[in-house]
Amino acid sequence: MIRKNYIPNQEGDEKIMLHLRKHWFIFFRLYFFFAILAAIPAVIIFVLALNNPVLFSSDKMQVILKVGIDIYYLMILVFALTIWTINYLDVWTITSRKIISRDQLGLFNRVVSELELNRIQDITAEQKGILETTLNYGDVQIQSAGEIERFTFTDIPNPNEVARMIEKIRQDCQHEQPENTNQPV
Amino acid sequence: MVITLIIFYYIFLVFLAFFALYSLFNIFHLLVFGFFTATNVFIVLAYLAVSFLLISFIFSQFNTFNWQQPFIDFNNFFTIS
């Protein structure tokens with residue numbers, strides 16, 4: 001596992017200012033869906049047992065049903081972990097010099113990008129909808145002058161505060177840089 | 001020729017292999033790319049514990065089944081017994 005204070009390509013006195021992950025509600029929403037999926041076999045069996053009890057009197061039918069249900073729950077479990085892995089491994093790290101975006105697009109599709117703070121051109125915070133506004137989560141989009149023109153932090157908590165923080169860190173970074181350059185004689 | 005219920009046991013083993021493989025991929029990603037946090041460690045350990053309990057329960061159920069019961073008997077004009 002990676003240490004939380006690890007910075008790839010660390011420069012001098014660079015330090016981590018913030019780690020960002022998706023808002024807890026995103027995980028809750030996904031796992032609420034899985035909870036419904038997990039309840040489906042129980043509901044179906046209950047309804048079938050009420051309307052057609054003869055169906056469950058056969059030993060063979062019981063074996064087939066139990067094997068089917070066991071397979072169903074194993075698949076739910078592994079897909080639940082896959083969804084967790086894909087969402088939990090989306091991490092955005094803001095250091096005093098750059099932004100690191102670690103994006104798990106799929107189980108075998110991972111993109112890690114870095115953006116120097118002095119290449120940021122524009123920062124936008126977006127919150128759309130009742131849930132995002134009420135629970136205070138949303139997107140932060142960063143327009144850059146780099147190879148990747150736009151970084152997006154999706155579904156993060158306190159997007160407005162994060163956008164302000166990035167702007168402040170960027171300004172602090174820009175103020176420090178003239179002090180570090182050697183002036184020509 | 002008689003196909004017994006054991007065929008469902010073999011079908012289950014195929015799905016179990018798929019489950020094991022994908023679980024391995026997921027845990028690999030969490031261990032290699034995840035941060036060393038209490039949440040990450042808890043999720044990995046909890047998943048392994050739940051998987052172990054679920055599979056143990058399933059196989060304890062399977063021990064009570066009579067897998068040699070005929071499912072399809074081709075000798076009787078393709079009737080399912």
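How many residues of chain B are in contact with chain A, and how many of chain A with chain B? In this predicted model, 40 residues of chain B are in contact with 33 residues of chain A, where contact means heavy atoms within 4.5 Å. Because the model is predicted, local features need pLDDT of at least 70 and side-chain atom pairs count only at pLDDT 80 or more, while totals for chains, interfaces and linings use all residues; side-chain values use heavy atoms, with hydrogens and water left out. Residues are numbered from 1 along each chain as its sequence is written, and chains are lettered from A and ligands numbered from 1 in the order in which they are written.

The size of an interface is often given as the accessible area lost when the parts come together. Here chain B and chain A bury about 3,500 Å² between them, with 80% of that area on carbon and sulfur atoms; buried area is the accessible area (1.4 Å probe) that two parts lose on being put together, summed over both. On the side of chain B, the residues that lose the most area to chain A are Asn26(B), His29(B) and Phe35(B), which together account for 20% of what that side buries. The rule finds 4 residue pairs in polar contact across this interface, both residues at pLDDT 80 or more, a polar contact being a pair of N or O atoms within 3.5 Å, of which, within protein, one must be able to donate a hydrogen and the other to accept it, and residues adjacent in sequence count only if both atoms are side-chain atoms. The elements α1 (6–33), α2 (38–62) and β2 (70–73) of chain B each supply at least two residues of the side that touches chain A, and the largest share, 17 residues, comes from α1(B). Helices (H or I, at least four residues) and strands (E, at least two) are DSSP runs, numbered from the N terminus.

Within chain B, aromatic rings connect some of these elements. A pair of aromatic rings is described by the distance of the centres and the angle of the planes. Tyr9(B) and Phe62(B) form an edge-to-face pair, 5.9 Å centre to centre and with 65° between the planes; rings of Phe, Tyr and Trp (its six-membered ring) pair if their centres lie within 6.5 Å, and planes under 30 degrees apart count as stacked, over 60 as edge-to-face and the rest as tilted. Tyr9(B) lies in helix α1 of chain B and Phe62(B) in helix α2 of chain B, so the pair ties together parts that are 53 residues apart in sequence. Tyr9(B) is partly exposed at 22% relative accessibility, whereas Phe62(B), at 3%, is buried (buried means under 20% relative accessible area, exposed over 50%, partly exposed in between, with a 1.4 Å probe and protein chains only). Ring pairs link both residues with others, including Phe59(B) and Trp67(B), into a cluster.

The salt bridges lead on to chain A. A salt bridge is a side-chain nitrogen of Lys or Arg within 4 Å of a carboxyl oxygen of Asp or Glu, and the whole structure holds 7 of them over all chains, while the count between chain B and chain A is 0. In one of them Lys22(A) is joined to Asp90(A), the closest N and O atoms being 3.3 Å apart, and both residues are buried. Glu114(A) forms a salt bridge with Lys98(A) at 3.9 Å between the closest N and O atoms; Glu114(A) is partly exposed at 34% relative accessible area, but Lys98(A) is buried at 1%. These two residues and Glu14(A) are linked in a network of salt bridges.
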